[in-house]
Structures are given as C-alpha cells and as structure tokens.
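Here is my note on the model, point by point. Please read it with the coordinates open.

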Amino acid sequence: ELCCAFFSLLTIVYKLREDEDKYILCAGISMGTQFMNSLLYMREYFVQTNEPNSVNYNTPKFPCGFALLKRPFMWINAAWLIMPIYVFTEAISHLN
C-alpha cells in the first residue's frame, strides 16, 4: 500500500509539472502495485473463508456466495484487478 501511495503521489506531481513520461511511468507502477496488493488481499481472503476461526468464515449469517458475490466489498478489489489490466492493455495497444 505504501508503494502504491508513494507512486500515486509522484503521478500527481509529474502530471502537474507536465512531465508526461514520468507521469505515465509512475501511474503504471502505482497501478501495478495496487493490482498486486488486491491480488494478494483476495487470495488471503479466500483462504480465510475456509478457516472456522476466521471472522471471514463462510456462515449463513455472513455468506460468501459463489466467488464472494455476496460480499460487495470484494467487487472493489475485483475492479482493482480488472482496471489496471484494461489500462495496460490500452496503453500497449497504442505503442508505436
């Protein structure tokens, strides 16, 4: 999270300074670190849903559903996985 925050700050600074190359580089690093953070977070969350001593355990009062669809906060993490992939794909497709 600290790496993502740091590179997000640099992204803003370079955008304000109109340094396009450093802006794009820092934005890419920031999205990459957020992608990895979300991936690791979701992996650990999936593990916890199967551990009876975890607060995230799948119970009738706190159900997971298929692919954690009954836990809307996971949708945010899923977006943090999908959006960087989309942005990177778009950026790569426009390279000359």
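Which residue forms a salt bridge with Lys22? The points below start there.

1. **Salt bridge.** The partner is Asp19, and the closest N and O atoms of Asp19 and Lys22 are 3.8 Å apart. Keep in mind that this is a predicted model. The cut-off for a salt bridge is 4 Å. By this rule the count comes to 1. Asp19 is partly exposed, at 26% relative accessibility. Lys22 is partly exposed too, with a relative accessible area of 41%.

2. **Fold.** The chain has 3 helices and 0 strands. Along the sequence the order is α-α-α. The radius of gyration is 17 Å, well over the 12 Å that the globule rule gives for 96 residues, so the chain is more spread out than a compact globule. The C-alpha trace spans about 50 × 25 × 15 Å along its principal axes.

3. **Burial and surface.** Of the 96 residues, 24% count as buried. The chain exposes about 7300 Å², and carbon and sulfur atoms supply 68% of that area. Take the contacts between residues at least 6 apart in sequence: 40% of them join residues at least 24 apart.

4. **Core.** Which residues make up the largest nonpolar core? There are 6 residues in this core: Met42, Tyr45, Cys64, Leu68, Met74 and Leu81. Helices α2 (20-48) and α3 are the elements that give two or more residues to this core. In soluble globular proteins, nonpolar side chains tend to be buried together. Leu81 is worth a look in the viewer. Setting aside neighbours within four places in sequence, Leu81 is in contact with Phe35, Ser38, Leu39 and Met42.

5. **Nonpolar patch.** Tyr41, Phe73, Ile76 and Trp80 make a nonpolar surface patch of about 410 Å². Which helix gives the most to the patch? Helix α3 (residues 73-93) does, with 3 residues. Phe73 is found in helix α3.

6. **Positive phi, Glu18.** Most residues other than glycine have a negative phi. Glu18 has a positive one, near 60°. Glu18 is found in the loop between α1 (2-16) and α2. Is Glu18 buried or exposed? Glu18 counts as exposed, at 69% relative accessibility.

7. **Positive phi, Leu68.** Leu68 is not a glycine, yet its phi is positive, about 60°. Leu68 lies in the loop between α2 and α3. Leu68 counts as buried because its relative accessibility is 2%, and the cut-off for buried is under 20%. Leu68 is also one of the residues of the largest nonpolar core.

8. **A distance to check.** How many Å apart in space are Ile29 and Tyr57, C-alpha to C-alpha? The value is 33 Å, for a pair 28 residues apart in sequence. Ile29 lies in helix α2. Ile29 counts as partly exposed, at 28% relative accessibility.

Key. Residues are numbered from 1 along each chain as its sequence is written. This is a predicted model: local features need pLDDT of at least 70, side-chain atom pairs count only at pLDDT 80 or more; totals for chains, interfaces and linings use all residues. Side-chain values use heavy atoms; hydrogens and water are left out. Patches are made of residues with over 30% relative accessible area and no salt bridge: like charges are joined within 9 Å, nonpolar side chains (Val, Leu, Ile, Met, Phe, Trp, Tyr) within 5 Å. Accessible areas come from the Shrake-Rupley method with a 1.4 Å probe; for residues, only the protein chains shown count as cover. A salt bridge is a side-chain nitrogen of Lys or Arg within 4 Å of a carboxyl oxygen of Asp or Glu. Helices (H or I, at least four residues) and strands (E, at least two) are DSSP runs, numbered from the N terminus. The radius of gyration is taken over C-alpha atoms; the globule rule is 2.2 Å times the number of residues to the power 0.38. Buried means under 20% relative accessible area, exposed over 50%, partly exposed in between (1.4 Å probe, protein chains only). Contact means heavy atoms within 4.5 Å. A nonpolar core is a set of buried Ala, Val, Leu, Ile, Met, Phe, Trp, Tyr and Cys residues joined through side-chain atoms within 4.5 Å.
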